[in-house]
Amino acid sequence: MITNLLVANRGEIARRVFRTCRSLGIATTAVYADPDADAPHTGEADAAVRLPGAAPADTYLRGDLIVKAALAAGADAVHPGYGFLSENAQFAQEVLDAGLTWIGPPPAAIAAMGSKTAAKRLMAAAGVPVLAAVTDPVEADLPLLVKAAAGGGGRGMRIVHRLDELEPRLAEARAEAAKSFGSDEVFCERYLPTGRHVEVQLLADLHGTVWAVGERDCSLQRRHQKVVEEAPAPGLDEAVRTALHASAVAAARAIGYTGAGTAEFLLGPDGRFHFLEMNTRLQVEHPVTECVTGLDLVALQLRVAEGEPLPGPHPPAPRGHAIEARLYAEDPGRDWQPQTGLLHRLELPGVTAEFTTAAGDTGLRLDSGVAAGSVIGVHYDPMLAKVVAWAPTRAAAARRLADALTRARIHGPLTNRGLLVAALRHPAFLAGRVHTAFLAEHAADLTAAPGGDALPALAAALADAAARRRGAALPSGWRNLPSQPQSKRYAAADATEYEVRYRFGRTGLVAEAHPGTTLVSATPTRVVLDTDGVRSAFDIARHGDRVHLDTPAGATVLTVLERFADPASQTDPGALLAPMPGTVVRTAAAVGDTVTAGQSLLWLEAMKMEHRVTAPADGVLTELRAVPGQQVELGTLLAVVQPAP
């Protein structure tokens, strides 16, 4: 029997495992890197052991330190979570060699699936359909997908649309794969732009039972990483579903698999599917399966690890539909650039369960690894939360999830919330026309600015006036005689600028751009306006120069602008500034080189991914200040490209 479980991970997955442990009466132990000293998962555990340092390579990827932490804390089992060391066969063996229980498949099964190329050969031998690797990329039909043989999570993956892109993309993939997985082996396979990513949840015990616990559709992706997942997969032909489940079970049996795992497949437009890989761990998106089956997959992992059989020969049939959205601190309109900073607030209305599934045919679940006061840094994935809605129908689940995200109060770094809501309400998504290029295909619709409404800016100005007039006899902007109006300037997230001009006279508010708008009430935190008989209420919070305005119809974030621009803030048009804090990985040009628009000049690594910095226009590279290994802050000057003489 397991009595004390260490989770070799952080964030929401550590909290998710702790939630099940508490329900089973199992003590919990956390590990934490220095940036996570005050993180929610560190405080929730019964005991926590420090891993000195900040970077994952020095902390969460140090299997030796984690095993020592488990022994020091008196833990008798280790759960790897996902990511980090969760699919590292050597770490699994080290845990077992230390006399601890490993919550996962046997090391041999992890090793068998550790290389995608080897796994494809093994699966083909077991009769599972595979998408064959391309042996001669130069002669192959385009487009191609370059993939890291030893990893996942979107790292070490590049799409090749033209033959002249092949060598640069191979080099990028090899470099990223070597840094992320310790192996620079990559391979190419045919890229299906409108294929669907469908995966089957597996559970297998030590007594020969293998469950295919339904499938999930994870086709909505960016940077080859999942953003929206759902169960069951919409519009799947029943014969295809049956064949998918059978192939997944065959894959598990072929390697003697036990515990929880996922067989991932690419489903082509013709209805044929191909094995991609097996994730020998719990998946990020496992909550959607829990919501439609009522199972606790973590509890079943522990049950299997303790040698108990699965509760029956077959899993429960799914009921209804569940959709999960990953809320990231990132800017979809700027190539998904990750965002950093202090999270001031994270609240979702109507949440019925956290890290578990409540009873009932409908509900809203929140799994988050952060809270108000958390700092979103550069060392880890920028996911703030997973939000899951389940309902009797897919349409009802999508509506519930979109509404919850719309009403959420998220104050801090910019997020992908607007894109998620737009995707969930998009006609193509609601019709089930999903595929891996969905977000790229509909990017214009999903990232469009919401209409240039200046009313939030007026509300922000009136809240600011209310804050400044506290203790004053007359409201700010009040005049007995007509005079110059008060003026405030704001910028929206899409760089649209608003100048608000208003005054108060004998008849109340007079706002130049809003002739039909009257002020109902205004405090520093809440403003109610009436426009032609329709009232709009804004809840307002200001953090530094950013103003967050929340309404039932959605949120607006404005940045306060100075009345006059600071000349010191102006930059050269050809200057390339760091779009995020990170580390310079490598450079691909030298001072004096002639460069073309879009040409890769250097790469930054931040939040587990590499980000290209490209030439903004044709010209000459006149400055290159970035040096490989250099840590840079947001806005650091990296390079300068000037027009050619």
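Biologist: In this predicted model, which residues is threonine 289 in contact with, once its neighbours within four places in sequence are left aside?

Modeller: Threonine 289 is in contact with Gln201, Val213, Arg216, Ala231 and Leu297, and these count as contacts because heavy atoms lie within 4.5 Å. Threonine 289 itself is found in helix 9, which covers residues 286-293.

Biologist: Why is threonine 289 called buried?

Modeller: Its relative accessible area is 1%, and buried means under 20%, so threonine 289 is buried.

Biologist: What makes a set of residues a nonpolar core, and which residues have the most contacts inside the largest one?

Modeller: The residues of a core must be buried, belong to a list of nonpolar types that includes Leu and Phe, and be joined through side-chain atoms within 4.5 Å. The largest nonpolar core has 40 residues, and those with the most contacts inside it are Leu401 and Phe429. Among the elements that each supply at least two residues of this core are strand 12 (225-231), strand 23 (383-391) and helix 13 (427-430), while helix 11 gives the most, with 6 residues.

Biologist: What does leucine 401 touch, not counting residues up to four places away in sequence?

Modeller: Leucine 401 touches several residues, including Ile323, Leu364, Val387 and Leu424. There is also a second, separate core of 29 residues, which includes Phe18, Ile26, Ala45 and Trp211.

Biologist: How do you know that strand 29 and strand 30 pair?

Modeller: Pairing requires at least two bridges, and 6 bridges join strand 29 (residues 526-531) to strand 30 (residues 534-543), so these antiparallel strands are paired. One of the bridges has threonine 531 with valine 534 in strand 30 as its partner, and the two strands form a hairpin with 2 residues between them, where aspartate 532 in the turn has a positive phi of about 55°.

Biologist: How many bridges join strand 30 to strand 31?

Modeller: Strand 30 is joined to strand 31 (residues 546-551) by 5 bridges, and the two run antiparallel; because at least two bridges are required, they are a pair as well. Isoleucine 540 stands opposite leucine 549 in strand 31, and glycine 544, in the turn of this hairpin, has a positive phi of about 65°.

How values were computed
Residues are numbered from 1 along each chain as its sequence is written. This is a predicted model: local features need pLDDT of at least 70, side-chain atom pairs count only at pLDDT 80 or more; totals for chains, interfaces and linings use all residues. Side-chain values use heavy atoms; hydrogens and water are left out. Buried means under 20% relative accessible area, exposed over 50%, partly exposed in between (1.4 Å probe, protein chains only). Helices (H or I, at least four residues) and strands (E, at least two) are DSSP runs, numbered from the N terminus.
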